[in-house]
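This report describes the strands, a helix and the nonpolar cores of one model. The structure comes first, and the text follows.

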Amino acid sequence: PDFWSFSSPTTSDPLYNDQYYLQNTGQFGGTSGIDINVNGAWSITNGNSNIRVAVVDEGVENNHEDMGNRVLSGFSPDYPTGFGRPEFSTDKHGQACAGIIAATNNNSIGMAGICPNCNIVPIKIRYGGLTSNADLAASINWAWNQGQADVLSNSYTWSVDNAIDQAVLNART
């Protein structure tokens, strides 16, 4: 049999040691080893620039220093010229999610991303009860039906099961 051997990649990103979900050494009282084993994945790949991950959230800045030029033009269902960008300075959750997914590794800035070679497609939905299920469904449908994204990242609590089902059944066929 042929076995893979994983080295432990190092990174110069100052917040990497705080990213317990990537490599849990027991920091913050966590259980060592309960993580996604990103070092093993990084030994194989850092993602691919042909992969587009749609972050359906509060928007993502297109000029963030830790994302380089990998934030593409996106979608804002209630603001046609928003292109998935945050509207307010308090809209930070989408940026945080995008960073976990694709922040540039080994640049001595911020954090390390799981797939730092992938692109982000920002989709700006509103929070605080201001997003309708129709806008959320339209956002999901735009991402997969227009061929804008290969992967959907959704971190919200609204139920749009039909839109998710359609994306699962019909996308990337």
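In this predicted model, three strands form an open sheet in the order β2-β1-β3, with parallel pairing. Strands pair if DSSP finds at least two bridges between them; helices (H or I, at least four residues) and strands (E, at least two) are DSSP runs, numbered from the N terminus. β2 and β3 (151-154) are the edge strands, each pairing on one side only. On average, neighbouring strands are turned by 25° against each other, direction ignored. β1 and β2 run parallel and are joined by six bridges; Val 53 has Ile 120 in β2 as its bridge partner.

Helix α2 (residues 93-102) lies across β1, β2 and β3, at about 155° to β1. Angles run from 0 to 180 degrees between N-to-C directions, with axes fitted to C-alpha atoms, for helices over the stretch in contact; contact means heavy atoms within 4.5 Å.

A nonpolar core is a set of buried Ala, Val, Leu, Ile, Met, Phe, Trp, Tyr and Cys residues joined through side-chain atoms within 4.5 Å. Buried means under 20% relative accessible area (1.4 Å probe, protein chains only).

| Core | Size | Residues, among them |
|---|---|---|
| Largest core | 16 residues | Ile 123, Leu 136, Ile 140, Tyr 156 |
| Another core, apart from it | 12 residues | Met 67, Val 71, Ala 102, Ile 120 |

In the largest core, which has 16 residues, β1 (52-57), β2 (119-124), α3 (133-145) and α4 (161-170) each give two or more residues. α3 gives the most, six residues. Ile 140 touches residues including Leu 152, Tyr 156 and Ile 164, not counting those up to four places away in sequence.

Residues are numbered from 1 along each chain as its sequence is written. Local features need pLDDT of at least 70, side-chain atom pairs count only at pLDDT 80 or more, totals for chains, interfaces and linings use all residues, and side-chain values use heavy atoms, leaving out hydrogens and water.

Definitions and conventions:
Buried < 20%, exposed > 50% of the residue type's maximum accessible area, 1.4 Å probe, protein only.
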